[in-house]
Amino acid sequence: MFNKILIANRGEIACRVIKTARKMGIETVAIYSDADRQALHVKMADQAIHVGPAPANQSYIVIDKVMQAVTQSGAQAVHPGYGFLSENARFAQALEQAGIAFVGPPVGAIEKMGDKITSKKIAQEAGVNTVPGYMGLINDAEDAVRIANDVGYPVMIKASAGGGGKGMRIAWNDDEAREGFQSSKNEAANSFGDDRIFIEKFITQPRHIEIQVLCDSHGNGIYLGERECSIQRRNQKVVEEAPSPFLDQATRQAMGEQSVALAKAVGYASAGTVEFIVDGDRNFYFLEMNTRLQVEHPVTELITGVDLVEQMIRVAAGAPLSISQDDVTLTGWAIENRLYAEDPYRNFLPSIGRLTRYRPPAETTTYTPGTAAGDVGDIVVRNDTGVFEGGEISMFYDPMIAKLCTWAPTRDAAIEAMRVALDSFEVEGIGHNLPFLAAVMDHPKFVSGEMTTAFIEEEFPDGFDGVNLPESELRRIAACCAAMHRVAEIRRTQVSGRMDNHARRVGNSWVVTLQGCEFALKLTADPQGTTVEFEDGENIRVASDWRPGHTVARLATDDAPLVLKVDKITQGFRIRSRGADLTVKVRRPRQAELAALMPEKLPPDTSKFLLCPMPGLVVKVDVEVGQTVEAGQALCTIEAMKMENILRAEKKAVIHELRASAGDSLAVDDVILTFET
């Protein structure tokens, strides 16, 4: 077994590998760029080595620099994580020539299956159903248009060396094929150092289901069930679960056996994933093979009890698999939500800055995966993360903050555990997708398991504007806020010291307004809680140990649990729960009467400006002063967190002034250009 392993990666996956290596008694070496000097993975590792400037193409994916770090550290093996150099055959070859073990598959398997064009050809030769498309290389945008017309729109334009949603575009017409080809090519070059592009038919209404395989160098191979990855945005997975709510045992077995056969055909040895598109009749088509550890591997670990990182390390050290297919048991249900530094209220555009508050829910391990499931009270919460409170979210890397996972004996229980965990997760200082994830967990299509890869596009066609809670939920929150406000007011009068009978001074009659609703309430408190009476006669019993200053309130209304994120504001609270972001005003009746007479403040008119929606780099400006643009026309391209974002005109207009040019770094709401009045 190895004594020291270098992790050629950063962020949460580097931290994840360090945890398992530490458990195995193996020392770890981190590498870091200028932007990551204070990163969590650097702090966790036994040793850390600097590899260059912040951009990944000047540090993390420069093979010579990583190899120098390997030599300097004396590491005997390298774990590549995912992304970066994880599927780079030249890197694996360099390690092999240096006598360093690669914690991943052999070079030949990476070359055959890591390249999506080659892997599809091999799959076809092996008799595996594949998605129709053009497997050759594409020279330019016009060539892409011609091929797209031959295949038939819609088409998927993909980077051959891609992954993680980078270098992928869907095109529905010639114009989108031209734009998509160039953007995919640019993203591929920046993220992978390989700008080759191919095109395949985009299958509508598909489900994305993948099989986890594990093979050794002794000819053994097994599959560890499947993962449902259909909740995607911009071709990037957002929510994953294991097992899939759609597959039956016969389909699961067929997909698993086919995946293992494919892996063995290329001499695979390590953990890998075979991805499929599955239609409504459970017909499945080979999509690609990822010759690395997947982002979503924790859900497989939670339902099987197999530490995939540990198995990868043991296989790389030459050990045979310690488990057979008969030993693999799928127990319970696991769900993973990816927490991204993306602002859902700005069409999920990247957000950077300092994490002024970062408090994940407490991790729990009341159940040991791989054993028989207990009762519904058994819940596991796991949070794989690479950040910490006070740390910086950089514009140079993937926007992932954490992977929040829950396990429970049933799917319904796992979903409910995830709802509570999301409501308990505190993130401040940057935009993030926690509200959106909470909305997905409550969506009827997700709850029923009837979703496809078009879920977000179909259910949130105009983007995400927050959640409007039903009146029953608003009543619960109103009752809780009234009870909390009473506690806060009693504390305030105690501090002032002006009266002995603090509760009498505060009073029991309140008017609560939230989400356009108004409730007149009367409160009756006792040592065990508060009874809240509504004007229509409904009573809600509130129990809580919340105290002023606490940012998370764990309450119960009529014995039903409720978790609220709480920020104190004038005359009330900012409350976040189940994807809703609520301004809750709690006033005395006379205050409420006067507040109703106040005029509403209108937002400023920004229709004459094109504002930068996120911090980023201007890649190009597509228009000139005096030019007339039509609705939907591209105005400029902004790059942030390795993704290119094309900003388009909302309506017909004339360009009045350009205030930014290619190469400029912009902050949120910086003016890019102005339109004539």
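These legends accompany close-up views of a predicted model. Residues are numbered from 1 along each chain as its sequence is written, and side-chain values use heavy atoms, without hydrogens and water. Local features need pLDDT of at least 70 and side-chain atom pairs count only at pLDDT 80 or more, while totals for chains, interfaces and linings use all residues.

**View A. The largest nonpolar core.** This core has 40 residues. A nonpolar core is a set of buried Ala, Val, Leu, Ile, Met, Phe, Trp, Tyr and Cys residues joined through side-chain atoms within 4.5 Å. Buried means under 20% relative accessible area (1.4 Å probe, protein chains only). Ile231, Val239, Ile335, Ile401 and Phe446 have the most contacts inside the core. Helix 13 (434-442) is among the elements that each supply at least two residues. Helix 13 gives the most, with 7 residues. Helices are DSSP runs of H or I, at least four residues; strands are runs of E, at least two; both are numbered from the N terminus.

**View B. Surroundings of Ile335.** Beyond its neighbours within four places in sequence, Ile335 is in contact (heavy atoms within 4.5 Å) with residues including Val239, Leu404, Met418 and Phe446.

**View C. Strand 31 and its partners.** In strand 31 (residues 572-577), 5 of the 6 residues are buried, so the strand is largely enclosed by the rest of the structure. Strand 30 (residues 560-569) runs antiparallel to strand 31, joined by 5 bridges. Two strands pair if DSSP finds at least two bridges between them. Lys565 stands opposite Arg576. Strand 32 (residues 580-587) also pairs with strand 31 in the antiparallel sense, over 6 bridges. Here Ile575 has Leu582 as its bridge partner.

Conventions:
Buried means under 20% relative accessible area, exposed over 50%, partly exposed in between (1.4 Å probe, protein chains only).
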